[in-house]
Amino acid sequence: MTAAWALEWRVALRRRRLFYFNVIVPLVLVSVVSGAGAPAHHAAAIYAVLFVMFATFGSAIPWVRDGETGWLERLALRGASPWSLVLGRSAAATLLDLLQLAPSVLLILLAGDHRASHWVAMFWALAISLGAANLLGCWVAATARSVAEAALFSATVSLFLLHGAGTFRTPMPGSTGAAIQVWIPFRLLHETLLAVANGGLLPTLISWPISLWATLSLTAATALAAPRLVARLSRPEA
């Protein structure tokens with residue numbers, strides 16, 4: 001896990017143009033939305049889509065690319081543990097995403113609620129959601145056979161889960177949608193963004209352990225499936 005973590009950081013820091021690009025583009029988009037005076041629920045939905053798709057795309061595309069070039073297969077042949085490769089890389093990518101999105105989040109916080117509790121909640125909600133999105137990107141990449149398919153699947157799955165999380169429409173209380181919404185990690189991000197944007201109440205205390213548990217469950221499932229995921233990613237045309 002340490003080797004995969006170090007390698008991900010080394011590659012990211014060498015690609016400085018891409019690193020800065022990943023900082024500036026979300027910041028510009030957030031600046032446009034916040035500066036346009038969009039309604040709080042619209043702005044929160046846009047931010048949630050931006051952040052989740054940023055991480056999912058950013059995870060899935062490199063997995064597919066590295067599988068196509070044979071890099072993953074070479075690592076496997078050198079004895080790299082599949083679970084350490086998947087989890088180490090996903091953890092490093094999550095922290096990188098958090099750093100790259102930090103200026104955008106700061107702008108959202110400065111334009112919205114200034115309470116310290118909202119600042120702390122915003123970064124924790126984002127970290128949990130980015131972790132889930134990066135793991136999701138690995139699963140998406142394993143089902144794709146090209147970068148184009150990975151992009152399409154990333155967009156579809158991200159939007160589907162965001163919809164299930166209540167980002168676009170709040171489900172009726174007691175409905176099946178409301179029951180499903182509780183267990184999607186991205187719900188926490190959307191509700192926190194909404195609270196920051198309109199100065200409202202943060203998600204209830206029970207939402208935090210549930211979202212964290214959902215992300216940890218996805219982590220455990222990814223670790224168990226790591227050998228098959230790496231084998232599939234190493235042979236994208238299979």
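Biologist: How much space lies in the largest pocket?
Modeller: In this predicted model, the largest pocket holds about 760 Å³ of space. A pocket is an open set of points on a 1 Å grid over the protein atoms alone where a 1.4 Å probe fits, with protein on both sides within 12 Å along at least five of seven lines. Points are joined across faces, edges and corners, and a volume is the space filled by probe spheres set on them.
Biologist: Which residues lie nearest its centre?
Modeller: Leu 18, Asn 22, Gly 58, Ser 59 and Pro 62, out of 30 lining residues; a lining residue has an atom within 4 Å of a point.
Biologist: And which element gives the most to that lining?
Modeller: H3 does, with 13 residues. Helices are DSSP runs (H or I, at least four residues) numbered from the N terminus.
Biologist: What classes of residue are in the lining of the largest pocket?
Modeller: There are 18 nonpolar, six polar and six charged residues. Ala, Val, Leu, Ile, Met, Phe, Trp, Tyr, Cys and Pro count as nonpolar, Asp, Glu, Lys and Arg as charged, and the others, Gly among them, as polar.
Biologist: Turning to the second largest pocket, how many residues line it?
Modeller: The lining has 17 residues, and the space is about 340 Å³. Thr 94, Ala 127, Ile 128, Gly 131 and Thr 215 lie nearest the centre.
Biologist: What is the basis of the numbering and the totals?
Modeller: Residues are numbered from 1 along each chain as its sequence is written. Totals for linings use all residues, whereas local features need pLDDT of at least 70.

Definitions and conventions: Predicted model: local features only at pLDDT ≥ 70, side-chain atom pairs only at ≥ 80, totals over all residues. Heavy atoms only, no water. Helix = DSSP H or I, 4+ residues; strand = E, 2+ residues; numbered from the N terminus.
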